[in-house]
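Open the model in your viewer and keep the sequence panel beside it. This tour goes stop by stop, telling you what to select and what is there.

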Amino acid sequence: MKMAYVLLLIMFFFYNISLFRFANEVYSEHPGIIKSFLIPYIINITWFLVLLAIDAPEAVFMIIYFIAIFLEFKILYKDSFIKNLFGTASFAVNIFAVRLIIISTYSLITGHSFTTLMKISWQNILVYAIAFGLCSLYIVLFQKLVSKHYFNILISSPANILFATKILMIIYLFQLFNTTNYILKNPYQLLSLIELKIGITEIIGFCAAIIYGFILSRLMLFETQSHEMKKSIAQKEEEQKELQDLAYRDTFLGCYNRAFGLSYLKESLKIPNRNFSAVFFDLDGLKTVNDTLGHNEGDEYLKTVVNIIKNSFAGYHVCRMGGDEFLVVLRYATHTVAYQHAVQAFEAVEMLNKLSKKSYPMSVSYGVLEDRGKNKETSEDILREIDEHMYAFKNQQKKARK
């Protein structure tokens, strides 16, 4: 009997160390050797020996064990209720399932009555000692096989840990209810065989709950990673679009540049059954302003007129094709619509010129062209023809001013 108690104390000590060592790693808390190993060991072995001494029923052992471990987790790790309940249920299901398997196997081999072995005796103490020893190895093996990363995936998902906890609690309540068999007058061998199957089933149930929880957590992790990947791709596409937009921008005037203008015009020509119009502008006298009044004044003149053009062609792409030349392509617009926008810009500049106190006249010349879907036309043909229209208008204006 004494040797059985000594073995029990030793195995219980190793079980207590392996239990809280694993819990420390999972909860990422390290309360210290005294708090996490020594004090829980003293508390747990005390109530355990007291229950053995008073020959408490198996159900009382199960209830006290569950309450003690849960409170110790709550005090040591200060984590959520459901996480502490999950941890407690995991260890509780395993220790009593392993004990059930050992005592059932021992009963079948030796021929001793199952219910007799459950009473206080050196055999019962020995069974507890072996159970604690095997569970210690079981916990260490489980810790080696299942990485902390995957376990953290499980406990980090509220929905999955709740599901796993419900399964474990159902198994544990079944274990608790199963203790009623120990007081029945069933033939001991049949009862031992039943209890052996139940113990094995409980271990399988525990593993199934953990594995299923892992699978769900892994799927959720993949879903999260997929969402983050899509978000990252969208962000990169947005950044690429911004860079592309920056490459196509005339940052000085805030409009598009020649590269974009040519690209947009070529794309317009490729549209099936294409129908677009184009307007070409030229600032009159910009070179003279730069030469006589300086580039600062020329820049101001340029910005002023460009802002008028952009406002007159709101919703369309205004592209700077050269120093003082600008192109606007109006997709699905007729010559009349394009002409109205061009006249609006021209008259706005003329009005500004009348109100301005500048020492130089501000004016623009423009040309309007409607593409009729001729397959022979290229972007060079369009620009050449519209440039001719613009210069015809410019010459007409010069004659009018004379």
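**Stop 1: a hairpin**

Select strand 4, residues 317-320, together with strand 5: four bridges join the two, and they run antiparallel. Bear in mind that this is a predicted model. Now look at the link between the strands. Strand 4 and strand 5 form a hairpin, with four residues between them. Opposite Cys319 stands Leu327 in strand 5.

**Stop 2**

Is strand 3 mostly covered or uncovered? Select residues 276-283 and see: strand 3 is mostly covered, with eight of its eight residues buried. Show the side chains. Phe276, Ala278, Phe280 and Asp282 point one way. Ser277, Val279, Phe281 and Leu283 point the other way. Both sets are buried.

**Stop 3: a residue in helix 11**

Select helix 11, residues 286-293, and find Asn290 within it. The relative accessible area of Asn290 is 17%, which is under the 20% cut-off, so Asn290 is buried. What does Asn290 contact, leaving aside its neighbours within four places in sequence? Show His295, Gly298 and Asp299: Asn290 is in contact with these residues.

**Stop 4: two crossing helices**

Two packed helices are described by the angle between their axes and the distance between the axes. Select helix 4, residues 81-110, and helix 6, residues 122-145. Their axes come within 9 Å and cross at roughly 130°. Helix 4 and helix 6 are therefore oblique to each other. Their crossing is right-handed.

Now show the side chains where they meet. On helix 4, select Phe91, Asn94, Ile95, Val98, Arg99, Ile102, Ile103 and Tyr106. These meet residues of helix 6, including Trp122, Val127, Tyr128, Phe132, Leu134 and Ile139. Colour the contact by class: 16 residues are nonpolar, three are polar and one is charged.

Notes: Residues numbered from 1 in each chain as written. Predicted model: local features only at pLDDT ≥ 70, side-chain atom pairs only at ≥ 80, totals over all residues. Heavy atoms only, no water. Buried < 20%, exposed > 50% of the residue type's maximum accessible area, 1.4 Å probe, protein only. Axes fitted to C-alpha atoms, helices over the stretch in contact; angles between N-to-C directions. Parallel < 35°, antiparallel > 145°, perpendicular 65-115°, else oblique. Left-handed = near helix turned anticlockwise from the far one by under 90°. Contact = heavy atoms within 4.5 Å. Nonpolar A, V, L, I, M, F, W, Y, C, P; charged D, E, K, R; others polar. Pairing = 2+ DSSP bridges.
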